[in-house]
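Please keep the structure open beside the text as you read.

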Amino acid sequence: MTRCEFFTEGDRITGFSVSGHSGYAEAGADIVCAAISAVVTMAEATINDVCGAKAKVRVKDEQARITLTLPTSCDEEESVQAVLAGLLLYLCNLRDEYPDHIEVIMEVQ
């Protein structure tokens, strides 16, 4: 199962961590893992490369984990929050379709 954790402070999403394999199908044929990987990669690229937020990104291949942490403030805060809200919504919709393969958790810090 893939675990998607979103971290918040008040109304602000401060980052996320996505880890594990969905187990929907074998590697290379797993549409759930492919969907998660694609949307997480798009979100990270938009946040850092388009919005210039300079979020900290850590990848741990051996754990199949990516973690993104926003700085305390960023110039494009509204856009970054929109991207993170879209990511959360997409992953929740995916969870509703494949509840045995993905979980989405909100962590208040």
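## The hairpin and its strands

β1 and β2 form a hairpin with 2 residues between them, and G10 in the turn has a positive phi of about 65°. Helices (H or I, at least four residues) and strands (E, at least two) are DSSP runs, numbered from the N terminus.

A note on the model before we go on: it is predicted, so local features need pLDDT of at least 70 and side-chain atom pairs count only at pLDDT 80 or more, while totals for chains, interfaces and linings use all residues. Residues are numbered from 1 along each chain as its sequence is written, and side-chain values use heavy atoms, with hydrogens and water left out.

β1 pairs with β5 in the parallel sense over 7 bridges, and T8 stands opposite V108 in β5. On the other hand, β2 (residues 12-19) and β4 (residues 65-69) run antiparallel, joined by 5 bridges, with S19 standing opposite R65 in β4. β1 is mostly covered, as 6 of its 8 residues are buried, where buried means under 20% relative accessible area, exposed over 50% and partly exposed in between (1.4 Å probe, protein chains only).

## The helices

The 20 residues of α1 should span 28 Å at 1.5 Å a residue, and its end C-alpha atoms are 27 Å apart, which agrees. The expected span is 1.5 Å times one less than the number of residues in the helix. Buried residues of α1 include V32, I36, V40 and I47. Among the elements that cover the buried residues of α1 are β1, β4 and α2, contact being heavy atoms within 4.5 Å.

## The nonpolar core

Which residues have the most contacts inside the largest nonpolar core? They are I47 and L91, in a core of 30 residues. Such a core is a set of buried Ala, Val, Leu, Ile, Met, Phe, Trp, Tyr and Cys residues joined through side-chain atoms within 4.5 Å. At least two residues come from each of β1, β2, α1 (31-50), β4, α2 and β5, and α2 gives the most, with 8 residues.

Leaving aside neighbours within four places in sequence, I47 is in contact with residues including A53, L68, V83 and L84.

## The cysteines

How many disulfides does the structure hold? There are 0, a disulfide being a pair of cysteine sulfur atoms within 2.5 Å. The sulfur of C4 is too far for a bond, because the closest cysteine sulfur, in C92, is 8.7 Å away. C4 counts as buried at 0% relative accessibility, and C92 counts as buried at 17%.

Definitions and conventions. Pairing = 2+ DSSP bridges.
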